[in-house]
Amino acid sequence: MPYYRSVGEIPRKRHTQFRRPDGGLYAEELMGQEGFSSDSSLLYHRYAPTAISSAEVHEPPVTSQSPNLPLKPRHLRTHKLDAGPGDAVLGRRPLLANGDVRIGYVVADRPSPLYRDAVGDECLYVEEGAATIETTFGALRVEAGDYVIIPTSVVHRIVPDGQVRMLTIEATGHIGPPKRYLSVRGQFLEHSPYCERDVRGPDEPLQAEGTDVEVYVKHRAGWTRHVYAHHPFDVVGWDGCLYPWAFSIHDFEPITGRVHQPPPVHQTFEGPNFVVCSFVPRKVDYHPLAIPVPYNHHNVDSDEMMFYTGGNYEARRGSGIEQGSISLHPSGFTHGPQPGAVERAIGAEAFDELAVMVDTFRPLDLCDAALSVEDTGYAWTWNR
Ligand SMILES: [Fe+2]
């Protein structure tokens, strides 16, 4: 998405001779989306980015997923997931999934292997801790509250500082800002809740050295482990509009009104058949008779996942929802504030809540890790 960026050394003209200090040619790699018809970047490698010396199937741990049967709203406590910390790629616990998106959670305390998701873009949300995300394009520092968008097939690894907790959203296509916030040429418009100044990209190439380097590839047929002859982070420069980028939820400027604003005002990203929204601390509805919490609602075409990541989410008070909780309110079920929340909220001037929502247009299945941390009484908490 974002906008044109140029990092490190690049030649004056694309596709012309660009030589290393030893006289050899740098190797170009054009990484682009939608078959040369959308955003791309042109990278210059010291070594051929095509040189692999082995390819082996990788078998990730078997996880099962099952439909939301019987149809119920669900509450998952991610902080109760039993596995110890792992790395931020192979240690992910898948929770909710459909054919368009997989949502998982990970606690990581060690560097991940090099990894490329060839199925789609990834959106990582940092709940707690900090990390460096090293990529072919350079490094990004991230901390609690950051979203990171890693475009399809960008080789990267995640190096935590100590321990980091992340929500992971893996798409089967591209994730970007909502189109209604962009000009026809891609500039953020004035009514967008964030803009170019809030977006961070890599500032300099990494230029790592190494031979026989393993890269885990998640692709449409499964997982494969490639060994590259040279370290993929051998780029001396690149330019273009395709690169990993970060954006802090704390830079999302909430849109508020006299009466309750619907969730689309919180929309932050769109992906294929899903959206991501940010609920941030804000002043609330200021009509003299306003009811600041949401009305009961039923988006008949969506499953709604909400990850509670800070403050107190007013509408869910008394339901058992806590930090790190995920609620799933599926289509086919009308949801709304918990009993008493409407009366309690009247007269409130501000909400201190932080939550990330993913609405999907196809139903989300429950993975076995989700069922292992389900609060099975949640469905009945409105019946009090
Ligand atoms: Fe909702």
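Is His 297 buried or exposed?

1. His 297 is buried, its relative accessible area being 16%, where buried stands for under 20%, exposed for over 50% and partly exposed for what lies in between (1.4 Å probe, protein chains only). His 335 also counts as buried, at 4% relative accessibility.

2. On provenance, this is a predicted model, in which local features need pLDDT of at least 70 and side-chain atom pairs count only at pLDDT 80 or more, while totals for chains, interfaces and linings use all residues. Residues are numbered from 1 along each chain as its sequence is written, and side-chain values use heavy atoms, with hydrogens and water left out.

3. The iron ion is coordinated at 2.1 Å by His 297 (NE2), Glu 304 (OE) and His 335 (NE2), donors being N, O and S atoms within 2.8 Å of the metal (3.2 Å for Na, K and Ca); water is not among the atoms, so sites may look incomplete. The spacing of these donor residues in sequence is H-x6-E-x30-H. Because His 297 sits in the loop between β22 (282-283) and β23 (303-311), and His 335 in the loop between β24 (325-329) and α1 (341-345), the pair ties together parts 38 residues apart in sequence. Helices (H or I, at least four residues) and strands (E, at least two) are DSSP runs, numbered from the N terminus.

4. An open sheet is formed by four strands in the order β1-β18-β3-β2, with antiparallel pairing; two strands pair if DSSP finds at least two bridges between them. The edge strands, each pairing on one side only, are β1 (5-8) and β2 (27-32).

5. Strand β1 is joined to β18 (residues 235-240) by four bridges, and the two run antiparallel. Within this pairing, Arg 5 stands opposite Gly 240 in β18.
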